[in-house]
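Open the model in your viewer and get ready to click through it step by step. At each stop you will read what to select and what is there.

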Amino acid sequence: METAPVTLPSNETCLLSAKPRIAFFDFAGCEGDQLQIANLEEKLLDILAHVEVVSFREIKTGHADDYDIAFVEGSITRPEDEARLKDIRAKAKVLVALGACAAIGGINCLKNFMGEAFYREVVYGPQAGWYRTYAARPLSAVVPVDAEIPGCPIDRLEFARVVKELLLGRTPWLPDYPVCVECKMAGNICRYDLGKMCLGIVTRAGCGACCVTEGAHCWGCRGLFPSANLDAARQVMDNAGFDRRQVQDLMRFFLGDTRAGL
Amino acid sequence: MKSRTFSPYVPRPATLVSKSPLSDLVTLYEFVQDNGKNLAHKPGQFIMVSIYGVGEAPFSISSAPIKESNVFEIAVRKIGAVTKALSELPVGTKVGIRGPFGTSFPVHEFVGKDTLLVAGGLGYIPIRSLLHYQLRHRQEFGRISVLIGTRTPKDRIFTDQIEALAKGGDVEVLETVDMPDADWKGNVGVITTLLPKARVEPQNTHVAMIGPPVMYKFVLRQCREMGIASDRIWVSLERRMKCGLGKCGHCQINSLNACMDGPVFRYTDIERLEEAI
Amino acid sequence: MYDAMIFSRLDLPRVIAAWSAGRAVYVPTTAGGNTTLAPFDPERGLSLDYGNTTLSPKAFLFPQTECLLRFATCGQDAALAVAEPQGTQKRLLFGIRPCDAAAFALLDAVFCQDAHSTDPSWVSRRERTILVGLGCNTPDAACFCTAMGSGPHHPRGLDILAADLGDEVLLTPVTDRGRALLAEAASIVPGIPARGERGGTALGRAATLRINAEAVMARSPFAGLTLEAVARRSQRTVHALGIWPAIAETCLNCGVCTFACPTCHCFDIQDETKGASGRRVRNWDTCMSWLFTAHASGHNPRPTKVERVRQRFMHKFKYMPMNLGGRPGCVGCGRCVRQCPVNIDIREVLRTLDMACRAAPPSGAPRAEADS
């Protein structure tokens, strides 16, 4: 299935007139993406010169309900989260999914492959009935999302670039090609040539193939790129001698919510 | 800072001397080159307009080539980053211009013959360059018929000019809209509904057509049915462009480049190209 | 004027060091399974034991990212664009393979089509880059240069062709520039002109190496690949062949083939700004991307993968030969074969294409078919 690039609502893109007000929210996530933003250090100060942060629990106190851009981290894992997300959607002109959990569901979706009764009991034990929870899902399953910053965690320079593009009223661009390209740029030897499995063949680039470059393989945390060929990928893994269970485990790790989940 | 080497990628400065809305989304822009020279373009050609920092995009030239005036016109619908930035430019701002590029309508072949101009939607913008050229050299050409189709009455552009032309009586002007509003009294239907109404002598007529991709197939079939020879039909094909110099590969249509071998093509030269229509 | 010259293999690093005067010299360097053309380091010396560079050397003449011009975004100078001045650094690429040199010769036709649109950066880099190629004695299993009009010891596009004779290296000048370069080397390092009996022996050894290499390729299952049938059919026929969906099926649209390919030349142009100034850059682009042909309106003439995969192969094997007097748009370097993550083999494609072209009905098909 071919998908067009994400487009912003046409009327709300001219944000340059005043300093846009931005706010950060999180649902079921580790706040690691927001931490990456805090880790921008001086670059964050550059960004702050052009925006007004009205809510960002990780770095400041205070909250306001009047914002233009909402960055939302984490997956939706409880029914009541939907109402809160919809409220944010209604208040924000632009909603950006921050990180894998928000953008593609991420690791949180691993539980979806088990029965609800089962995972309730594993997590909550005898108190399984006390807590409300349901299958984890990305933000886009509940509200329309205008842009995403993928990755687990996000690449903080990518965050800076996306913010810049949003401030310029442009549709933020994400690479529409797989990690393979960045691996070749980095001079890496293909993991399959080393007998390892790797999801770089279907995963959206933009991370510089950092995991492979460091000696590991790609886990798919940035989600599938637009024309990812999952059938071909499964065939590659099959030809390389990996069995269905191994493939399934790797595909489900981050990509559980996508069609990749077997 | 002076440029020491000529590079075909570097634009020349031009000034926006006027802009006026043609419809909700379409604006007419008039430019003059800062070097005081006439653009010396031919009808059907395009220019690359740069808004530094935003980007560069190709636009068909809408005005006819006029020796006496250095002003040239483009008409642009706001749809992407460059067109949006263009719509926000104050008059007097400078932009970058490259070109004119591409092939043009072979007006010398139309001399003494009738022409049928078929303009779908924004296709009227480049057709206008040809039409106004012909009007400025009216005696050279036979009958001129202009067929204009738009989606709704609100999408019509250059309405004053077109209405004046229709009233003038010399040029046959037929208009249609796909979806009328309460006030529309004219023809309703796609542009192919106009062709049977046009006064056309197929043996003596050249056709120039520009419109959305979906339009070509149907109008071409109609022309064939009317008995207009395929080598007398001219189309202008739009493609995504970047360099305008036949190098970047974006505008390839099979073995041809839209920026150098087009955008104006004789139909017989592209009728066997599957990527063309 | 010197003919071909013979140098001792041990003296080769000195020859290259001699050439380094006033030039940046790049030699094949292998690290961790990855071969690149890296700056010559006299300490590390030179190894002639390599296949080919992982990525093509096209980046030396057509950089991955290149600044075209600079501009100011506000103030008096806004809208005055200044061409980025061309570099002046002289370079020498030692050890590039004949296939890659042939690719440069092909790209000359793309970047220098006519006086008005000649690419100044390509011309500048081409003029100040000397190419000393090394013939292949042991072609790789994925190589097929002979089918594409080149060969393991083909001199096209090179200034000097070197042959590794083991204990000696034979340097044969191809251009005047190559001859001058050879003279430079010979004035510093002892070399023997390849004349007389001594020369004959060396020339004979080089010829043997070439013949052996060509024989290896002739034994490949893909020997005898030809573009003859493709050339004879119309592009419409080739375009409409039923083979494309099967070929495209496993393609990931990753674009690695276009990235590694020495003849792929498509690029994108983008503006980048920082504060009050900016620059316009061109970056390599790939026709494998959906965005490549997408209009701002959302319309896309190549909406699915099949169209894009077909485009790549037809551009190389049909359109470029049509526009460049019969020369294929591929030099047979084999990189895409080696690096495609799903093992799409361009030689298989070519063979399938060849058979389908032979089998397709004659182009004088009934008018009705042509009209549809």
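This is a predicted model: local features need pLDDT of at least 70, side-chain atom pairs count only at pLDDT 80 or more; totals for chains, interfaces and linings use all residues.

Asn254(B) is not a glycine, yet its phi is positive, about 50°. Is Asn254(B) buried or exposed? Asn254(B) counts as buried because it has 20 C-beta neighbours inside 10 Å, and 20 or more is what the label requires.

Now move along chain B to Pro263(B), in the loop between strand S14 (256–257) and strand S15 (264–266). Show the backbone here and look at the link between Gly262(B) and Pro263(B): this peptide bond is cis, with omega about 10°.

**A hairpin in chain B**

Next, select strand S3 (residues 46–51) of chain B together with S4(B). How do these two strands pair? They run in the antiparallel sense, and 6 bridges connect them. To see one of the pairings, highlight Ile51(B) and its bridge partner in S4(B), Gly55(B). The hairpin has 3 residues between the strands, and Gly53(B) has a positive phi near 100° there. Then colour strand S4 of chain B, residues 55–60, by burial: 5 of its 6 residues are buried, so the strand is largely enclosed by the rest of the structure.

**Over to chain A**

Zoom out until chain A fills the view. You can look for 10 helices and 5 strands in chain A. Its C-alpha atoms fill a box of roughly 55 × 50 × 35 Å along the principal axes. Among contacts in chain A with a separation of 6 or more, 75% are between residues 24 or more positions apart.

Zoom in again and select Glu31(A), in the loop between strand S1 (21–26) and helix H1 (32–38) of chain A. Glu31(A) has a positive phi near 65°, in a residue other than glycine. Glu31(A) is partly exposed, because 16 other C-beta atoms lie within 10 Å.

For the last stop, pick Pro153(A), in the loop between strand S5 (147–149) and helix H6 (156–167) of chain A. The peptide bond leading from Cys152(A) to Pro153(A) is cis, with omega near 0°.

Definitions and conventions:
Residues are numbered from 1 along each chain as its sequence is written. Chains are lettered from A and ligands numbered from 1 in the order in which they are written. Helices (H or I, at least four residues) and strands (E, at least two) are DSSP runs, numbered from the N terminus. A residue is buried if 20 or more other C-beta atoms lie within 10 Å of its own, exposed if 12 or fewer, and partly exposed in between; C-beta atoms are placed from the backbone. Two strands pair if DSSP finds at least two bridges between them. Two residues are in contact if their C-beta atoms, placed from the backbone, lie within 7 Å.
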